[in-house]
Amino acid sequence: MTFQQRIEADCQVYSLMSIAQSAAELTTLYPNDMELASAVTRAWNELHNAHILANAVWNIRTKGLFGVVG
């Protein structure tokens, strides 16, 4: 396995996940900002099933912020 496969790819997922989650938390402060909500939704759509940690964060915290059931 190469450096990119073993390390770089996970680092990219962790970075995107951190940004997406930070933006998701901001939606509670700015609930009427549709651009923010749209950007967060697009980011989490990219992360969905990309990494087991991303799925855990989504299930534990993020989907509750958006009122997702199930």
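Before I start, a note on terms: buried means under 20% relative accessible area, exposed means over 50%, and partly exposed is in between (1.4 Å probe, protein chains only).

**Ground rules.** I am working from a predicted model, where local features need pLDDT of at least 70, side-chain atom pairs count only at pLDDT 80 or more, and totals for chains, interfaces and linings use all residues. Residues are numbered from 1 along each chain as its sequence is written, and side-chain values use heavy atoms, with hydrogens and water left out.

**Confidence.** I checked pLDDT, the predictor's confidence in each residue, from 0 to 100. The chain averages 88, and 96% of the residues score at least 70. Helix α1 has the lowest confidence, at a mean of 89, while helix α2 (residues 34-47) has the highest, at 93.

**Helices α1 and α3.** For helices I use DSSP runs (H or I, at least four residues), numbered from the N terminus. I looked up how α1 (residues 3-29) packs with α3 (residues 52-65): the angle is about 5°, and the axes are 10 Å apart. Axes here are lines fitted to C-alpha atoms over the stretch in contact, and angles run from 0 to 180 degrees between N-to-C directions. Angles under 35 degrees count as roughly parallel, so α1 and α3 are roughly parallel to each other.

Next I listed who touches whom, with contact meaning heavy atoms within 4.5 Å. From α1 I noted Tyr-14, Met-17, Gln-21, Ala-24, Glu-25 and Thr-28, and from α3 Leu-53, Ala-54, Val-57, Arg-61, Thr-62 and Leu-65.

**The salt bridge.** My rule is a side-chain nitrogen of Lys or Arg within 4 Å of a carboxyl oxygen of Asp or Glu. I get 1 salt bridge by that count. Glu-25 and Arg-61 form it, at 2.8 Å from N to O. This pair ties together distant parts of the chain, 36 residues apart, with Glu-25 in α1 and Arg-61 in α3. I also looked up accessibility: Glu-25 is partly exposed at 26%, and Arg-61 is partly exposed at 42%.

Asp-10 lies in α1 and is partly exposed, with a relative accessible area of 28%.

Leaving aside neighbours within four places in sequence, I see Thr-27 in contact with Leu-36, Ala-37, Val-40 and Phe-66.

Terms used:
Helix = DSSP H or I, 4+ residues; strand = E, 2+ residues; numbered from the N terminus. Parallel < 35°, antiparallel > 145°, perpendicular 65-115°, else oblique.
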